[in-house]
Amino acid sequence: MRCRLYLVTPPDLESGGVSVDELRRKLEAALSGGDVASLLIRADVGDELLAALVEALTPPAQAADVAVLVEGRCDLADTYRCDGVHLEARPASLRSVRLAMGEDAILGADCGDSRHLAMVAGELGCDYVCFDSRALETIAWWAEVMEPPCVAWGHIDLESAPALIEAGADFLAVGRAVWDHPEGPKAAVAAFNALFVAAERDSRG
């Protein structure tokens, strides 16, 4: 399976001077650069801005066949017909959100570097687990012995990506390396996809 891009909205939006409309335009540019599997809308902003982001970003992403996830807010995911939610790997929360959103929703669990939490998340039917990008051994272990896909998360750029791909990450959660790329989001997405294609070709010998 070829590694794919898991795009994450930029942090510090409220203080960074980026408007919702500007971010939507950046997203559309990013999606024109190549394959993007999903978009996670971070919840580290106020409720009003978060709702505006979900409302603005969901349609162009879904129109490009990109799954839209909201961090920790199944209410907003439901209101704006998103594809799922991303949560910390707390068993009670995972159970309740799965019941609330149903089996068709995508449910992802952030497990840090915990193999135990990841196994529990898998048993609870999570669609993917997320590991800290520094946990290369954990990512490699999961890729070798477990079936649900894993996402590597944390300060990933074009330089750090190859090691994560080699370890077996199915998706790379990327934020700033796309949004702040000197040649723009479209060029960044194209560059990441070129890495994924090259890695798949090399793995086939």
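These exercises, each with a worked solution, lead through parts of one predicted model.

Residues are numbered from 1 along each chain as its sequence is written. In this predicted model, local features need pLDDT of at least 70 and side-chain atom pairs count only at pLDDT 80 or more, whereas totals for chains, interfaces and linings use all residues, and side-chain values use heavy atoms, with hydrogens and water left out.

**Exercise 1. The barrel**

Task: State in which order the eight strands close into a barrel, and describe how strands β1, β2 and β3 are joined.

Solution. Begin with what counts as an element: helices (H or I, at least four residues) and strands (E, at least two) are DSSP runs, numbered from the N terminus. Two strands pair if DSSP finds at least two bridges between them.

Next, follow the order, which is β1-β2-β3-β4-β5-β6-β7-β8, with parallel pairing; from one strand to the next the twist averages 25°. This angle, like the others below, is taken between N-to-C directions and runs from 0 to 180 degrees, the axes being lines fitted to C-alpha atoms, for helices over the stretch in contact.

Then look at single pairs. Strands β1 and β2 run parallel and are joined by three bridges, with Tyr-6 standing opposite Ser-38 of β2. Between β2 and β3, also parallel, there are four bridges, and here Leu-39 stands opposite Val-68 of β3.

Buried means under 20% relative accessible area, exposed means over 50%, and partly exposed lies in between (1.4 Å probe, protein chains only).

**Exercise 2. Helix α10 and what it packs against**

Task: Describe how helices α2 and α10 pack, and name the residues that make the contact.

Solution. Start with the geometry: α2 (residues 20–31) and α10 (residues 185–203) have axes 7 Å apart and pack at an angle of about 35°. Their crossing is right-handed; by convention, a crossing is right-handed if the near helix is turned clockwise from the far one by less than a right angle, and left-handed if anticlockwise.

Now list the residues in contact, that is, with heavy atoms within 4.5 Å. Helix α2 contributes Lys-26, Ala-29 and Ala-30, while α10 contributes Pro-185, Lys-186 and Val-189. Sorted by class, these are four nonpolar, no polar and two charged residues.

To complete the view of α10, note that this helix also lies across β1 (4–8) and β8 (171–174), running at about 150° to β1.

**Exercise 3. Salt bridges around Arg-73**

Task: Find which residues form salt bridges with Arg-73, and say how accessible the partners are.

Solution. A salt bridge here is a side-chain nitrogen of Lys or Arg within 4 Å of a carboxyl oxygen of Asp or Glu, and the whole structure holds 11 of them.

One partner of Arg-73 is Asp-47, at 3.2 Å from N to O. This pair links distant parts of the chain, 26 residues apart, since Arg-73 lies in the loop between β3 (67–71) and α4 (74–79) and Asp-47 lies in helix α3 (residues 47–63). Another partner is Asp-75, whose closest atoms to Arg-73 are 2.9 Å apart, N and O.

For accessibility, Arg-73 has a relative accessible area of 21% and is partly exposed. Asp-47, at 53%, counts as exposed, whereas Asp-75, at 39%, is partly exposed.

Elsewhere, Arg-42 and Asp-44 meet in a salt bridge of 3.0 Å, and Asp-21, Arg-24 and Glu-28 are linked in a network.

Definitions and conventions
Ala, Val, Leu, Ile, Met, Phe, Trp, Tyr, Cys and Pro count as nonpolar, Asp, Glu, Lys and Arg as charged, and the others, Gly among them, as polar.
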